[in-house]
Amino acid sequence: MNELLVISGKGGTGKTSLTAAFARLAENVVLADCDVDAADLHLLLAPEIRERHEFYSGQQAQINQLDCTVCGICNALCRFNAIELNKNNNSEFSYTINSARCEGCGVCVRFCPENAITSQTRHCGQWMVSDTAYGPMVHAKLDVAAENSGKLVTTVRDEARRIAQEQNRSMILIDGPPGIGCPVIASLTGVNKVLIVTEPTLSGEHDLKRVLDLADHFGIPAAVCVNKWDINPSITDSIEAETIKRGSLVAGKIPWDNSFTVAQLQAKTILEVGNEQIVNSINSIWECLTSSLLIGTEKHV
Ligand code: SF4
Ligand code: SF4
């Protein structure tokens with residue numbers, strides 16, 4: 001079973017649109033949306049949710065108001081300014097926890113003289129298993145300001161693997177998060193290949209190098225595709241030269257076209273709305289990727 005991850009150095013490069021197009025081309029695939037901070041693969045693939053699970057991670061303090069004497073010790077000890085003093089309409093004071101700030105360190109729990117504070121498991125979001133026209137899909141939604149997105153990514157990947165094994169699927173296609181942070185690392189580890197989608201701009205080229213460094217650090221064979229290559233052919237040439245110099249695979253390039261926007265507005269894949277040139281470019285990139293996966297996981301020069 002192959003795991004193919006699609007990522008980008010920054011958001012807005014067309015990564016998810018390409019993943020949705022690949023979902024249409026792939027056979028016997030399980031889809032995993034690991035861009036849990038801004039999941040939007042579901043907007044293009046219209047999944048029908050069949051399982052929904054709550055996601056808990058980390059700890060958060062909670063004050064039992066009946067036991068609290070409003071002494072203020074917890075407020076003074078919290079280094080994250082997470083305990084706030086409130087005054088109600090009857091001029092009565094109380095302390096409450098600001099959940100967005102609480103780091104779950106447990107100091108307030110330890111030192112409250114009334115044992116009025118408990119540590120609770122924090123609700124951070126949900127993950128779902130759905131059916132799409134192209135295969136089962138595991139996706140998630142992180143709560144606003146919730147952390148531990150790396151752990152949620154791992155949960156999504158584990159479930160995708162479980163389904164792939166159970167249903168004897170030959171590929172897991174992963175829409176990864178942008179950037180080089182913890183969720184990207186959680187998406188990257190153990191995949192057979194990573195496709196980095198970039199744009200021919202100075203910042204795109206800079207971000208690409210950082211992502212290539214990351215893939216190299218984890219020993220994951222990387223392929224690069226340049227979206228909107230014709231908006232700056234000379235930077236496209238430079239990106240392709242850098243990719244080859246590093247021993248990674250130039251998977252192809254896609255010209256600028258508004259079909260990416262049209263596909264998003266119509267909740268379809270680019271293959272359904274794109275012109276012949278766009279469709280051919282994407283088919284060619286997919287063939288390049290699948291051939292390289294069949295050959296193996298070594299780097300290609
Ligand atoms: S330390 Fe305990 S008793 Fe004092 S304000 Fe905080 S929760 Fe209330
Ligand atoms: S658990 Fe730590 S961060 Fe959270 S409110 Fe208590 S002292 Fe502050």
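Biologist: In this predicted model, which residue in E7 is the bridge partner of glycine 125?

Modeller: The bridge partner of glycine 125 in E7 is leucine 142.

Biologist: What makes strands E6 and E7 a pair?

Modeller: Pairing requires at least two bridges between the strands. Eight bridges join E6 (residues 117-132) to E7 (residues 135-142), so the two count as paired. They run antiparallel.

Biologist: Where do E6 and E7 stand in the order of the sheet?

Modeller: The order is E3-E6-E7-E2-E8-E1-E9-E10-E11, an open sheet of nine strands with mixed pairing.

Biologist: Why are strands E3 and E11 said to stand at the edges?

Modeller: E3 (48-63) and E11 (249-254) each have a single partner strand, so one side of each lacks a neighbour in the sheet. Direction ignored, neighbouring strands of the sheet are turned by 20° against each other on average.

Biologist: Why is helix H1 called largely enclosed?

Modeller: A residue is buried if 20 or more other C-beta atoms lie within 10 Å of its own. Nine of the 11 residues of H1 are buried, so the rest of the structure largely encloses this helix. Among them are Lys15, Leu18 and Phe22.

Biologist: Which strands does H1 lie across?

Modeller: Helix H1 (residues 15-25) lies across E1, E2, E8 and E9, and runs at about 170° to E8.

Biologist: What surrounds ligand 1?

Modeller: The shell holds 13 residues, the closest being Cys68, Cys71, Ile73, Cys74 and Cys112. Cys and Ile count as nonpolar. By class, the shell divides into 10 nonpolar, two polar and one charged residue.

Note on methods: Residues numbered from 1 in each chain as written. Chains lettered and ligands numbered in written order. Predicted model: local features only at pLDDT ≥ 70, side-chain atom pairs only at ≥ 80, totals over all residues. Helix = DSSP H or I, 4+ residues; strand = E, 2+ residues; numbered from the N terminus. Axes fitted to C-alpha atoms, helices over the stretch in contact; angles between N-to-C directions. Contact = placed C-beta atoms within 7 Å. Near = placed C-beta within 6 Å. Buried ≥ 20, exposed ≤ 12 C-beta atoms within 10 Å, placed from the backbone.
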